[in-house]
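Could you walk me through this structure, from the overall layout down to single residues? I would like the backbone details as well as the packing.

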Amino acid sequence: MVYLPYLVGQCVKNGSTFKRANLKHISDAAALHHSGRKADVVVNCTGLLASKLGGVMDKKIVPARGQVVVVRNDPGFMMGISGTDDAEDELSYMMTRAAGGGTVLGGTYQLGNWESQPDPSTATRIMKRAVELCPALTGGKGIEALDIIRHGVGLRPTRISGVRIEKEMIDDTWVVHNYGHGGWGYQSSYGCSAGAKELVDQILSPAAKL
């Protein structure tokens with residue numbers, strides 16, 4: 001079996017091996033099996049790249065751009081508000097990271113935005129909202145008192161019509177798709193991976209060899 005996230009990984013009896021490869025078509029992954037034989041199944045976990053990979057080209061998958069500011073200030077609690085007066089695709093939240101990792105101030109949820117660099121004006125709005133909601137974050141001193149660690153941007157792989165977990169024959173290769181989880185891939189990972197495994201088991205079962 002060949003797994004195709006951003007790397008191509010292969011399940012081996014006593015462990016796993018990983019290969020980095022540039023593929024133009026999903027079925028090309030089947031030729032990368034460590035045995036030299038064609039793989040029985042390719043598991044497609046390409047996230048955003050599912051929109052560009054030959055054989056898949058899923059135009060329902062788009063980035064949901066998230067921008068955050070990570071600071072050393074500690075608000076003493078975590079909070080979130082689903083909307084703001086600044087823009088429909090912006091929201092407010094503060095999440096304290098474990099082990100002294102600072103506090104994440106957010107954020108945005110901008111569907112279809114591929115920009116990977118932080119926008120300074122967006123960052124300013126994020127910080128202003130955080131300080132207004134929680135003056136204790138800076139002891140009432142405003143955003144100038146925020147001790148900034150870094151600005152960050154992430155492109156969540158969001159599928160407009162919902163997560164895709166299904167099997168498909170592409171050319172002469174069985175493919176199991178598992179992508180489109182947006183910003184909640186970690187929370188859903190156990191359930192979605194179990195669903196993908198069930199599909200792999202169906203393909204590999206003797207009854208499926210018709």
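This is a predicted model: local features need pLDDT of at least 70, side-chain atom pairs count only at pLDDT 80 or more; totals for chains, interfaces and linings use all residues.

Residues are numbered from 1 along each chain as its sequence is written, and side-chain values use heavy atoms, with hydrogens and water left out.

The protein chain has 2 helices and 12 strands; helices (H or I, at least four residues) and strands (E, at least two) are DSSP runs, numbered from the N terminus. Read from the N terminus, the order is β-β-β-β-β-β-β-β-β-α-β-β-β-α. Of the 210 residues, 40% are buried, where buried means under 20% relative accessible area, exposed over 50%, and partly exposed in between (1.4 Å probe, protein chains only). Take the contacts (heavy atoms within 4.5 Å) between residues at least 6 apart in sequence: 62% of them join residues at least 24 apart. The chain exposes about 11,700 Å², and carbon and sulfur atoms supply 55% of that area; accessible areas come from the Shrake-Rupley method with a 1.4 Å probe, and for residues only the protein chains shown count as cover.

Now have a look at helix α1, residues 120-133. Its 14 residues should span 20 Å at 1.5 Å a residue, and this agrees with the 20 Å between its end C-alpha atoms; the expected span is 1.5 Å times one less than the number of residues. Thr122, Ala123, Ile126, Met127, Arg129, Ala130 and Val131 are buried in α1. The buried residues of this helix pack against β5, β7 (90-96), β8 (103-108) and β10 (148-159). An α-helix has 3.6 residues a turn, so residues three or four places apart point the same way.

Helix α2 (residues 185-204) has a kink of about 35° centred on Gly191. The bend at a residue is the angle between axes fitted to the seven residues ending there and the seven starting there. In α2 the buried residues are Ser188, Cys192, Ala196, Leu199, Val200 and Ile203, and they pack against β4 (41-44), β11 (164-170) and β12 (173-179).

For a view from a strand, turn to Ala64 in β5 (residues 61-71). Ala64 is buried, as its relative accessible area is 0%. Leaving aside residues up to four places away in sequence, Ala64 touches Tyr109, Gln110, Leu111, Gly154, Leu155, Arg156 and Thr158. Ala64 and Gly182 are 118 residues apart in sequence, yet their C-alpha atoms are 7.1 Å apart in space.

What sits over the ring of Trp114? The charged end of Lys52 does, 4.6 Å from the ring centre; the criterion is that NZ of Lys or CZ of Arg is within 6 Å of the ring centre and within 35 degrees of the ring normal.

Last come the backbone details. Most residues other than glycine have a negative phi, and most peptide bonds are trans. Here, a cis peptide bond joins Gly106 and Gly107, with omega about 0°, and Gly107 is in strand β8. Ala99 has a positive phi, near 55°, and is found in the loop between β7 and β8. With a relative accessible area of 87%, Ala99 is exposed. Asp171 also has a positive phi, near 55°, and lies in the loop between β11 and β12. Asp171 is exposed, at a relative accessible area of 58%.
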